[in-house]
Amino acid sequence: MDEEQVLKGYQLSLRQVQESDLSQLRTWRNDPQVSQFMLSQAEITEEQQSAWFRKISRDPSQQHFIIAYKDQDIGSVNIQSRELGKPLNEAHCIEPGLYIGVPKYRNNIIAFAPTLLINDYCFETLKCKKLVARVKSDNQAALNYNLKLGYQIVNRGDLIEISLNFDDYQRHSSTLKALLSRTPRHKRES
């Protein structure tokens, strides 16, 4: 995916993370409401954020996006190959990650939209066979969210590993996709 390309659908867009986004990403990521569910809760410094950006900018095995809804950046979604040394466009198994930085969208139906959009991209454009995610065992909201999308629990522990194939995704997401694809009332013509 080139840097100019933007993924659009379900009332929002995903655009590739740029250097100008780093301050906002760090603010969101360091918010205790977000970081409590991350594998590492350590506060991210400006230097760490810059080093991270340099690394991901040249790594074809991962992509990071800013979620924009109604012309407002509201969070971040990322994908990475689960197969060592394989770029995303060759990976059969991809791991997605997501967080919503703006609190009013965290427990809102719109929080499903970036996941639907990135899942569509992974299955339909990148042609991966399976998505695998890890959820901290105390993050029941994220686990329930993913189970609604068709994920199956593969492994339980401090981290719960969940897996999703294309057929289960299609079966479980069709109602949400239809709902989030509707034109918002204020944009409909009378």
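**Figure 1. A salt bridge joins the side chains of Lys177 and Asp120, with N and O 2.9 Å apart.** A salt bridge is counted when a side-chain nitrogen of Lys or Arg lies within 4 Å of a carboxyl oxygen of Asp or Glu. Lys177 is in helix 6 (residues 166-181) and Asp120 in helix 4, so the pair ties together parts that are 57 residues apart in sequence. Helices (H or I, at least four residues) and strands (E, at least two) are DSSP runs, numbered from the N terminus. Lys177 counts as buried at 13% relative accessibility, and Asp120 counts as buried at 11%. Buried means under 20% relative accessible area, exposed means over 50%, and partly exposed lies in between, with a 1.4 Å probe and protein chains only. This is a predicted model, in which local features need pLDDT of at least 70 and side-chain atom pairs count only at pLDDT 80 or more, while totals for chains, interfaces and linings use all residues. Residues are numbered from 1 along each chain as its sequence is written, and side-chain values use heavy atoms, with hydrogens and water left out.

**Figure 2. Glu124 of helix 4 is in contact with Phe166, Gln170 and Lys177, leaving aside neighbours within four places in sequence.** Contact means heavy atoms within 4.5 Å. Glu124 and Phe166 are 42 residues apart in sequence, and their C-alpha atoms are 9.0 Å apart in space. Glu124 is partly exposed, with a relative accessible area of 38%.

**Figure 3. Asp73 and Arg15 form one of the salt bridges, with their closest N and O atoms 2.9 Å apart.** Asp73 belongs to strand 4 and Arg15 to strand 2 (residues 12-16), so this pair ties together parts that are 58 residues apart in sequence. Asp73 counts as partly exposed at 30% relative accessibility. Arg15 is also partly exposed, with a relative accessible area of 25%. The structure holds nine salt bridges. Side chains of opposite charge can pair when their charged atoms come close.

**Figure 4. Arg82, Glu95, Arg134 and Glu161 are linked in a network of salt bridges.** Arg82 is in the loop between strand 4 and strand 5, and Glu95 is in strand 5, 13 residues apart. Arg82 is partly exposed, with a relative accessible area of 33%, whereas Glu95 is buried, with a relative accessible area of 9%.

**Figure 5. Strand 3 and strand 4 form a hairpin with two residues between them.** Eight bridges join strand 3 to strand 4 (residues 72-81), and the two run antiparallel. Strands are taken to pair if DSSP finds at least two bridges between them. In the turn, Lys70 has a positive phi of about 50°. The bridge partner of Ile66 in strand 4 is Ser76. Ser76 also stands opposite Tyr99 in strand 5.

**Figure 6. Strand 5 (residues 93-100) pairs with strand 4 in the antiparallel sense over seven bridges.** Strand 5 also pairs with strand 6, here in the parallel sense over two bridges. Cys93 stands opposite Lys130 in strand 6. Five of the seven residues of strand 6 (residues 130-136) are buried, so this strand is largely enclosed by the rest of the structure.

**Figure 7. The buried residues of helix 3 are Gln49, Phe53 and Ile56.** Seen down the axis of helix 3, these buried residues fall within an arc of 75°, so they line one face of the helix. The arc is that of the directions from the helix axis to the C-beta atoms. Helix 1 (22-30) and strand 3 (62-69) are among the elements that cover the buried residues of helix 3. At 1.5 Å a residue, the 12 residues of helix 3 (residues 46-57) should span 16 Å, and the end C-alpha atoms are 16 Å apart, which agrees. The expected span is 1.5 Å times one less than the number of residues.

**Figure 8. The largest nonpolar core has 52 residues.** Helix 4 (residues 112-125) gives the largest share of this core, eight residues. Such a core is a set of buried Ala, Val, Leu, Ile, Met, Phe, Trp, Tyr and Cys residues joined through side-chain atoms within 4.5 Å. The residues with the most contacts inside the core are Leu14, Phe65, Ile79, Ile94, Ile118, Leu131 and Leu180. Not counting residues up to four places away in sequence, Leu131 touches Ile94, Pro96, Asn119, Cys122, Phe123, Tyr151, Ile162, Ser163 and Leu164. In soluble globular proteins, nonpolar side chains tend to be buried together.
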